[in-house]
Amino acid sequence: MSRREKAQHIRHLLDTEGDAVFENTTHVNDGRLEANATRDDIEDLRTAARRIKEDAIEQLPDLIETVREQVEANGGEVYLADDAADANQYITAVAESKDADLLAKSKSMTSEEIEVNDALEAAGVDVCETDLGEFVLQVADEAPSHLVGPAFHKSTADIATLFNAHFDTGKPLDTAEDLTQFARDHVGDQIRAADVGMTGANFVFAESGTLALVTNEGNARKCAVTPDTHVAIAGVEKLIPSLDDFPPFAELIARAAGGQDIATYLSLLTPPVDSPVVDFENPHEPLDGASDDREFHLVLLDNGRTEMREDDELRETLYCIRCGACANSCANFQHVGGHAFGGETYTGGIATGWEAGVHGLDSAAEFNDLCTGCSRCVDACPVKIDIPWINTVVRDRINRGDDQEFDWLVEGLTPDADPGGLDLQKRLFGNFGTLAKLGSATAPVSNWLADWGPSRAIMERVAGVDRRRDLPAFRRETLVDWFESRDRSRPPATPTGRSSSTPTRTRTTCSWTAGRPPSGRLRRSAST
Amino acid sequence: MRTDTIDEFAASLDGADVACTRTEVADLTAVLDDVVDDPAVGAPLGIDGVSLDDTTVQTPPTPQLLSDAATGVTRVHGGIVEYGSFVIQADEAGTEPVSLYPREHVGVVCASDLHADVHAAVDWLGDEFDAGRDTAVLATGPSATADMGELVTGVHGPQTVHAVVVTDR
Ligand code: SF4
């Protein structure tokens with residue numbers, strides 16, 4: 001997308017989705033702060049959670065072996081998929097082996113990452129999204145705009161219009177309650193008819209072969225236990241050693257995601273489970289788990305994660321538990337939402353790390369500049385990920401990627417240590433110190449030149465600097481001259497406490513103040 | 001079990017929109033008949049001297065009963081006092097689907113199965129896992145969603161939840 005197209009796209013999203021995103025993020029932020037305030041050990045929990053994830057990623061190859069052995073001992077299968085195509089092939093083969101016509105699926109960003117619905121549908125298997133947010137998007141044929149609330153960009157009225165146009169609902173649906181009831185019944189019928197159930201996993205306990213699923217609606221529970229075949233898809237980074245490591249995450253994830261003290265359902269499933277299959281085709285047959293023949297497949301997805309683990313800068317992304325707090329707390333995200341602030345699959349600040357790792361730099365480049373590095377998200381993150389730093393690193397990698405043609409124009413503005421290839425706009429403003437020195441030394445000529453129509457046209461075309469943008473006016477005066485000429489009776493200004501502008505890894509802390517009063521908490525399933 | 005623990009659990013249940021009725025084991029079946037909406041379906045409670053056969057609750061569960069029942073009655077194997085959570089273990093008799101499908105879930109929890117917090121509950125579950133009872137759900141309040149733009153209770157899981165605490169077990 002050209003800069004102009006991107007700007008147009010963002011303006012369009014601000015008009016169409018901005019209000020719903022702002023309202024939803026505001027509520028969730030209020031909830032998160034309120035829920036965190038009820039405990040005085042949040043910091044300890046974050047520290048513990050962070051350490052568990054660090055250790056787990058460190059021991060990942062061992063954990064993969066452990067979980068493979070354990071799931072097989074439990075009577076299930078583990079498939080380690082190299083990439084999306086590999087995972088889809090396996091999952092499709094499982095569905096075909098069951099002669100499945102319909103698969104009921106709970107929310108899973110990892111399944112979005114591999115686009116498993118397309119693969120299954122190409123093989124003749126219908127997929128029903130059972131999380132109501134995902135269901136809305138399936139009806140609308142749109143992509144999720146948020147890790148936790150996939151339909152975050154839609155208001156009740158938007159969904160009512162969609163459902164009323166798409167379904168024969170009898171009398172028109174209007175309220176959130178009507179819509180929920182309608183969707184629940186529609187999706188409920190599909191779950192009853194499904195041949196295969198598919199879930200993600202928020203955590204996988206290697207030692208027992210257990211999946212932890214964090215939800216509020218109950219759909220994942222139904223998908224996992226109703227049909228006789230359960231397929232779970234999880235990135236390899238979801239592995240933690242055992243149940244003992246779970247408490248900090250149980251406490252943190254729903255607080256971070258939506259301001260609940262604890263999620264409605266924390267399912268700890270060690271499949272194949274003892275619960276009986278619920279076969280609605282034999283409605284009068286008593287349930288009896290002892291005579292059932294359940295099948296379970298755990299698909300562990302690599303898709304770039306092994307490389308991320310070996311990458312000193314991107315590794316931290318693998319600690320992410322996908323709570324969406326970095327998106328909610330981000331001022332830019334609050335206005336544009338995940339359809340602008342997101343890549344092929346993932347949304348929000350941490351999406352830069354995920355997209356760079358699983359889809360490549362091009363996908364991250366589409367939105368990475370929306371991170372201003374303010375660091376508000378760092379305090380919101382339950383596993384203390386330095387999300388702005390990941391954005392800085394990825395931005396740097398993107399900037400060094402291509403675009404050498406007009407280097408001569410800004411040559412001399414780039415420090416020697418910085419080789420060419422950086423985007424010209426970034427080199428123009430990124431080396432503002434050099435630009436300023438040059439501009440000040442030649443002022444007022446530099447100012448006339450900068451404002452002169454043809455110069456602005458060249459700057460717009462070559463460096464992408466919009467000609468309406470105000471440029472800094474340079475003065476032929478140094479800071480020392482300026483300082484000396486000031487009124488000496490005033491005391492010197494105190495430092496503001498802002499972080500250094502040098503590109504070293506620094507953190508600023510920024511406390512969140514909500515823009516609107518709270519009006520109830522939102523509950524959505526944390527993302528798997 | 002000390003009364004103040006049960007009081008605390010009841011207060012947390014209230015915060016999670018879960019009703020609470022206390023009873024001694026001798027009166028349990030009568031209390032169940034009182035609190036359930038018929039038709040009701042149940043899975044065996046596994047409490048000595050108590051049988052759902054002495055109530056209006058129908059057993060064993062079938063898919064049809066799960067669809068038709070207004071209430072599902074099950075044992076709740078553990079309670080988390082801090083949050084008013086149920087720990088429901090999966091079994092072959094169908095405790096999990098009975099607690100999940102009907103619009104109301106009535107969970108019977110023994111006072112001696114209450115745990116102070118998530119940590120304590122997970123410690124206990126660790127032993128249960130080792131004993132082979134390695135699937136459970138920590139359920140707190142009715143199922144809910146905000147996916148339609150506002151908080152609505154009663155989605156794929158129950159819309160109302162009622163705890164019956166057996167104070168002398
Ligand atoms: S980076 Fe942190 S805040 Fe963002 S989604 Fe992941 S865990 Fe949540």
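Two strands pair if DSSP finds at least two bridges between them. In this predicted model, β6(A) and β9(A) meet that description, pairing in the antiparallel sense over five bridges.

**Strands of chain A**
- Strand β6 of chain A covers residues 210-215, and six of its six residues are buried, so the strand is largely enclosed by the rest of the structure.
- In a regular strand the side chains alternate between the two faces of the sheet.
- Both faces of β6(A) are covered, with A:Thr210, A:Ala212 and A:Val214 buried on one side and A:Leu211, A:Leu213 and A:Thr215 buried on the other.
- Strand β5 (residues 203-205) of chain A also pairs with β6(A), antiparallel and over three bridges; A:Phe203 has A:Ala212 as its bridge partner there.
- Four residues lie between β5(A) and β6(A) in the hairpin they form, and A:Gly209 in the turn has a positive phi of about 70 degrees.

**From chain A to chain B**
- Strand β9 (residues 265-269) of chain A is joined to β8(B) by four bridges, and the two run antiparallel.
- Within this pairing, A:Leu266 faces B:Leu138 in β8(B).

**The interface as a whole**
- Chain B brings 51 residues to the contact and chain A brings 63 residues.
- About 5,000 Å² is buried between the two chains, and carbon and sulfur atoms give 60% of that area.
- On the side of chain B, B:Asp147, B:Met148 and B:His156 lose the most area to chain A, together 18% of what that side buries.
- There are two salt bridges between the chains, including one between the side chains of A:Arg221 and B:Glu96 at 2.8 Å, N to O.
- The interface also has 26 residue pairs in polar contact.
- From chain B, α5(B) gives the largest share of the side touching chain A, with six residues.
- That side of chain B divides into 26 nonpolar, 17 polar and eight charged residues.

**A closer look at A:Thr180**
- A:Thr180 sits in helix α10 (residues 176-193) of chain A.
- Buried means under 20% relative accessible area, and A:Thr180 counts as buried because its relative accessibility is 1%.
- A polar atom of the A:Thr180 side chain lies 2.7 Å from the backbone oxygen of A:Ala176.
- A:Thr180 touches residues of both chains, among them A:Leu132, B:Thr145, B:Met148 and B:Val152.

Terms used
Residues numbered from 1 in each chain as written. Chains lettered and ligands numbered in written order. Predicted model: local features only at pLDDT ≥ 70, side-chain atom pairs only at ≥ 80, totals over all residues. Heavy atoms only, no water. Contact = heavy atoms within 4.5 Å. Buried area = accessible area lost by both parts, 1.4 Å probe. Salt bridge = Lys/Arg side-chain N within 4 Å of Asp/Glu carboxyl O. Polar contact = N/O pair within 3.5 Å; in protein donor to acceptor, adjacent residues only side chain to side chain. Nonpolar A, V, L, I, M, F, W, Y, C, P; charged D, E, K, R; others polar. Buried < 20%, exposed > 50% of the residue type's maximum accessible area, 1.4 Å probe, protein only. Lists of a residue's contacts leave out its neighbours within four places in sequence.
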